[in-house]
Amino acid sequence: MNDRQIVCFLEAVKERNFTKVAEKLYLTQPGVSRMIATLEKELNTKLFARSAHKTLELTQSGNYITKCLKNAVGSLKRQRGKVN
């Protein structure tokens, strides 16, 4: 897992659409899709359930990973604030 995957994943949680994430992060939609697929492979779990309307819903694993990553990012931001 790398920082780009984390950013893409957390944006996808917010946007619920890979195309919107791609536009926001100045990436291609296939690139975002591959990044999420690679993250899912690394974690050995599906993070999103894809619908026919191209909207994304978090799986149970996706919800858990979202909470973990948001907590980690929040901790890093707090630590960064203490250092400055």
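The structure is a predicted model, in which local features need pLDDT of at least 70 and side-chain atom pairs count only at pLDDT 80 or more, whereas totals for chains, interfaces and linings use all residues. Residues are numbered from 1 along each chain as its sequence is written, and side-chain values use heavy atoms, with hydrogens and water left out.

The protein contains four helices and two strands; helices (H or I, at least four residues) and strands (E, at least two) are DSSP runs, numbered from the N terminus. Read from the N terminus, the order of the elements is α-α-α-β-β-α. Along the principal axes, the C-alpha atoms fill a box of roughly 45 × 30 × 20 Å. Of the 84 residues, 31% are buried. Here buried means under 20% relative accessible area, exposed means over 50%, and partly exposed lies in between (1.4 Å probe, protein chains only). The accessible surface amounts to about 5,900 Å², and carbon and sulfur atoms account for 53% of this surface. Such areas come from the Shrake-Rupley method with a 1.4 Å probe, and for residues only the protein chains shown count as cover.

Contacts (heavy atoms within 4.5 Å) were also examined by their separation along the chain. Among those between residues at least 6 apart in sequence, 43% join residues at least 24 apart. With regard to charge, the protein carries 16 positive and 7 negative side chains, and the centres of the two sets lie 4 Å apart. In this count Lys and Arg are positive and Asp and Glu negative, while His and the chain ends are not counted; each charge is placed at NZ of Lys, CZ of Arg, CG of Asp or CD of Glu.

Helix α1 covers residues 3-15, and its end C-alpha atoms are 18 Å apart, in agreement with the 18 Å that its 13 residues should span at 1.5 Å a residue. The expected span is 1.5 Å times one less than the number of residues. At the start of α1, a side-chain oxygen of Asn-2 comes within 3.0 Å of the backbone nitrogen of Arg-4. This is a polar contact, defined as a pair of N or O atoms within 3.5 Å; within protein, one must be able to donate a hydrogen and the other to accept it, and residues adjacent in sequence count only if both atoms are side-chain atoms. The buried residues in α1 include Cys-8, Phe-9, Leu-10 and Val-13. Just after this helix, Arg-16 adopts a positive phi of about 60°.

Most residues other than glycine have a negative phi. Tyr-26, although not a glycine, has a positive phi of about 55°. Tyr-26 is located in the loop between α2 (18-25) and α3 (29-43) and is exposed, with a relative accessible area of 77%.

At the start of α3, a side-chain oxygen of Thr-28 reaches to within 3.0 Å of the backbone nitrogen of Gly-31. Gly-31, Val-32, Met-35, Ile-36, Leu-39 and Glu-40 are the buried residues of α3, and they pack against α1, α2 and β1. After α3 comes Asn-44, with a positive phi near 60°. Asn-44 belongs to the loop between α3 and β1 (48-50) and is exposed, with a relative accessible area of 69%.

Glu-40 of helix α3 is buried, with a relative accessible area of 4%. Apart from neighbours within four places in sequence, Glu-40 is in contact with Thr-45, Lys-46, Leu-47, Phe-48 and Arg-50.

Thr-59 occupies the loop between β2 (56-58) and α4 (60-83) and is buried, with a relative accessible area of 19%. The side chain of Thr-59 reaches the backbone oxygen of Lys-46 at 2.6 Å. With neighbours within four places in sequence again set aside, the contacts of Thr-59 are Lys-46, Leu-47, Phe-48 and Ala-49.

Ser-61, in helix α4, is partly exposed, with a relative accessible area of 27%. Beyond neighbours within four places in sequence, Ser-61 is in contact with Thr-45, Lys-46 and Leu-47. Ser-61 and Glu-40 are 21 residues apart along the chain, and their C-alpha atoms are separated by 9.9 Å.
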